Structures are given as structure tokens and as C-alpha cells.
Amino acid sequence: MTTLAASKRPAAVSSEELLNPCWAEVTDLREEIDSTFTVWLKFKDPALQKGYAFEPGQFNMLYLPGYGEAAISICSDPEKRDAIGHTVRAVGNVTRAIGRMKKGDEIGLRGPFGTHWPIEQLEGRDILLAAGGIGLPPLRPAVYHILHNRAKYGKVILLYGARSPSDLLYTNEFEAWRKSDIDVQVTVDRADDTWKGQVGVVPLLFYRFRLDPAKTAVMTCGPEIMIRFVVFEALARRIPADRIYVSLERNMKCGQGFCGHCQLGPFFVCKDGPVFPYSVIEPYFGVEEF
Amino acid sequence: MADIPLSVGTTVALPKDQLDPLLSRLRDKGYRTIGPRIRDDAVVYEPIEGLADLPRGLTSVQEAGRYRIVASGNQRYFDITPGAQSWKQFFFPPRVSLLEFQKNGGWKKHSATESAPRLALVGVRPCELAAIEIQDRAFLREDFTDPIYRDRRKNAFLVAVNCLHPCGTCFCASMGTGPKASGGFDLCLTELDEVFLVEIGTDAGLEMLKGLPLKAADKADVQKAEAGLASAKERMGRTLEIGDLPDLLLKNLEHPEWQAVAARCMSCSSCTLVCPTCFCWDTQDRTSLDGAHTERQRVWDSCFNPGYSHQAGGNTRPTTRSRYRQWLTHKFGSWKEQYGVLGCVGCGRCITWCPVKIDVTEEIAALRKEEVRS
């Protein structure tokens, strides 16, 4: 069984010092929605910043001495090279501490790690992106890639859902995306007085349009239960399992398949993933608590 | 007798009392000599000076959840079978400093200064050699190597001892890792009543023997050793059929046996700590009270710990059933796809040291017996 091709060797990791973070500085930190913020980082070493490149879907390990390290996917435009963006939900010690940082503060950074959305292999295809909640940030670099190369793709649809209208990320960008002919479909689990859009879970949005299974590729990230049903809907529309790509979340400590935590069957999600063709993980993904 | 030809691959006879000069020679070369000795009624691997430190005339009785040191009935030095400790502690230390950070107008990192010790490990069983080779595959990959493991491993001198005295929880013969070592050592001893037969595994091993009063291995001794090893193979306390692994496990992920074993398993992680191949680790920050100094450490972790698979989205394996299944299907299943071999060497530690007597050989047999093919 083969996973996606390994991405190039991380720029900010030496083989001698796998767990040694490189220092970066906070250039900007702002709240997106309640308890979720975007932190922009720039390496203190200009040469490192210059040499650092990532592919859409990859992640970094962010480290604060005394607090620990967390795997955070990169949410910014791969072509924007002056700073690296991470949208973070403050849920644990590390992420909460990162949220309290100020411009100019230092943070340890290793990366980028993992496989990426195979966006370049999918040129010429229709693309369906399906994201739930904090699953949108790892997909956003792929959206930017498509925007930069819009003519190379067919129909592009983004399905995005969150629990409530106030939980939706990046809403101020949707208009620009729509202008570039990305069909942005948004839904919430529970509406409020302000909401005039769709209500329901993300997989239900599949019923709003027709997909061409011969042309379409699916990329999805979000809660595992959402991924499960997105895959179900995609397979029901005869999109082949090897053209459905999912990005998974697991506990990670090292980023290189050494520490063992992120295993899913034979795979280390940090190095064989986080992006997998569904066909590869199918035997294990459906097994509860595996 | 001083002039028997020595070369890698040959076997010579070493008078028993010559192990002391061999060890002191290793120390002269800068090695710390580590071997089996008795502490708190169990075998541990600690610094040894020579024969006097070895558990002479002793062996252990081991069964599921039971370990006792007993007289072996003869005066050999290496009749002891492994205790809870394994040699992995020397290459993959249970707790090791990675980095330190001092807050001084900004965090400054400096790499941990501890350099890799030169260790001569004496009395490594064939199953344990196999375990070291398995950990090599995890820590010394082509794309990334672990520098701590690599330097410690490279500096080590391995004196193996073929196993003539398996115990009740041993099944190395089933796993194909023993009782005779097939390589991976500098020197390999087979202990007879009168002499050690010494197989030379490397040039470094050969160098250490030079000048010692060696004898040619006489035919009768070699035959005695072979007979002893053949008999040891027959006296394994456990057997495990491995022909249908890893498929048996990976195709039975919903087998009712997982629930049955989870009802007994305490998720205590003993099996992973005593396992010579388990390689999972965690990182921890130790910080001074004023927050000015942080030491980042690497510590052993276990897939049985609740935090092991916990992330923002919840715990992937919240139940003992899921954790035991992960451990067993990894060790005897997905390990093969990851590293090309199964992750078990048949040393039996996980059986002996399980407080509730869970036995991997029985669990795998149970999965086979009521196999539910999905």
C-alpha cells in the first residue's frame, strides 16, 4: 500500500537535531472567532525564512519552552514567503499559551511536515473541497493554489460548515473566492437570528448539485465523523476512493514517525499523512477507536 | 596453544576464568562493562567487574504473572533468563535530556551535552540481540536517524550468550530469534561446564580476544553446545504459530476476544515497558519554578497511557479494548509493514510481568480459534 509521495525534506529541521526547534517571531496575531486565532510567524534567521517552503496541507510543530509542542497545520498562501500563518484553536496548554503571545515574541518552529494535498496532480479536474470547523485552515493553502492557477481547474466547489454562524472562519474572504469562480457553499449546524444561509451538516450539501464522477476529486478535512460522511456521499456519487483525499488529526510528538503516537494501522499519520488517499486508509478508517 | 588462528566467524574455547581479563580489557579500552546481576530478587543489567558479579548457579522460574530466582542445579554463570529490564534502556534511555532553554532576554537553546557512553553489554541473549536489531530499524532509518540512539549503538560492544536454559514464558524458537544467535554480536559465548565457546562476530571482537589463553574448540565441546541448543529449542515454555500473521490480526479488528481481554487488562503499560522492542516516546518539559529554565526531555511512553492518543479532537483510543488491540495488532501485525519484521522476539517478558497474567500467545491463539473474517 502506498501513501502519497513524501514531501521534500523539512527546511526547518536538521537530521541531527530532529527535535530542535528553530526560532521564529510573531509578526501578527489576531482573533478569528471566539478562542480561535491566526498567528503569523517569521524565522529569526532570514536565510531560513527564505529557504522555507511548504505545500498545501502540511503542518508545523510549534513549541513554547515550558509548555510543550503542538502540531498545527499551515493555513497561509504557499506563495506568500515573508511569514507563515497558522490558525489555531485554543484548546490545550500549548495552544492557549500561543494565543497569549504578542507581536515580537519568540516561538520554536519545526517543519514543514507530512504529505500534502496532491493539488498539482489534479490539474484539469473538478475539485470538491469539504471542510468542517477548524478543518478549513489546512485546506485554505489549496484554495490559494487554485486561485493562483484558476484556469488549470474545472469546477471548484468549497463546502464549509461550522456549529454556528459565529464559528465560521475566514468569512471575509469568501466573496473574493466566489469572484474567482469558486462555488463557496456554507452551512451551520445551528442557525441564529443573523443567519440566512443553509442549516445542516456538511455532507448534506452534496445534495445541492451534481458531480461528474469521472472528473471530480475530493479533498476533505474536519471532524472524523464529518469526514466519514463526506466520504460516504462522495463514494455514493461514484467518485473513486483513490481520488478522495482526507487529512487526519492524531496526537503527534516528533513529526517524523519516530515517537509512535500518530499510528493508524501501518501508517504514521505525521509522515505517511496527514493527507491520505481514502483508498489507502479505508481498511482502518472505518474501525472504531483504531 | 597461544597460536590458534583467529578470524571472524570462527569459534574458540575460552577458559571460564578468562572472562575477567576479557572484561578488564574492555574497560581498558574505555568501555563500561554491563551485565546481568541480581538485585531485589530479580536480574537487572548493571555494571559488572567480572565473574564474581554474575548470578552463578541461578536461573529463574517464569510463568504468566510470576517470576522467581531459583538455583539452577549447576555452577554456570549465564543460566539466568532475562528479567524485567531489557538492553533497550542503554540505547533508548527511559529519560534523556534533549535540549535546555534559558530565558535570558529571549530563549536560548543549547543542545544537551551528555555524550554517548561506550558500553560493553555482556550476556545479551539471542532474543535480545534480535530486539536490538528491531529497534535499529525504528531508530536508524534511511530518511532519518535518531542521533542519541545512533551514537550509543555505534559505541557499544556486544557479548552475546547463547541460551541453554529457556524459561516458562519463552518462545524465541517460534519467533525464529533463538536460542542460538545468528549474528549482530561482537563475541558470542556458549557456556559449557568447563569453558566458554566463543564465536567471533566482528573484527572488534577478534581484537579483544588476541593474547588471551584461548584453546581450539574441541569437537566434543562443540557437539555438547549443539546438543544443548537443540534441547533448549525443545524446552520453550510457550509456542506461537506465526504463519498467518499479520493477516490474522488485521482482519479481526472487531473480534470479540478484544473485549474479553480488555475486561482483564488494567492498561497499566507493564508489557510495553518490559518489551525490548517497544519504541514509543513522549516529550516533556521540566521547568524551574521561576520559569527561567526549561529542560526538554524524551521519556518512554506507552500506547496504554490515556494521554497517548489524545488530541484536540478527542481521544482516538479511549478504551482499554482499543489500546490492547493497538498494542497487539502493532506488535504482531502492522509492525511488519512498517519495518519488514514482526515486532516480537519471543522473550516472554510481557507475559511474565503482566499483573493479571495476560499471555500474548494465548490471545493470538484465541483470535485464531474463533476467527471472524470480515
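User: Which ring does the charged end of K88(B) sit over?

Analyst: A charge sits over a ring if NZ of Lys or CZ of Arg is within 6 Å of the ring centre and within 35 degrees of the ring normal. Here, the charged end of K88(B) sits over the ring of W300(B), 4.4 Å from its centre. Keep in mind that this is a predicted model, where local features need pLDDT of at least 70 and side-chain atom pairs count only at pLDDT 80 or more. Residues are numbered from 1 along each chain, and side-chain values use heavy atoms, leaving out hydrogens and water.

User: Which aromatic cluster is W300(B) part of?

Analyst: Rings of Phe, Tyr and Trp (its six-membered ring) pair if their centres lie within 6.5 Å; planes under 30 degrees apart are stacked, over 60 edge-to-face, and the rest tilted. W300(B) forms one cluster with F258(A), F91(B), F92(B), F139(B) and Y149(B).

User: How many aromatic pairs are there over all chains?

Analyst: The search finds 29. One of them is Y144(A) with W177(A), edge-to-face at 6.4 Å centre to centre and 90° between the planes. Y144(A) lies in helix α3 and W177(A) in helix α4 of chain A (helices are DSSP runs of H or I, at least four residues), so the pair ties together parts 33 residues apart in sequence.

User: Is W177(A) buried or exposed?

Analyst: Buried means under 20% relative accessible area, exposed over 50%, and partly exposed in between (1.4 Å probe, protein chains only). W177(A) has 2% relative accessibility, so it counts as buried. Y144(A), at 13%, counts as buried too.

How values were computed
Chains lettered and ligands numbered in written order. Helix = DSSP H or I, 4+ residues; strand = E, 2+ residues; numbered from the N terminus.
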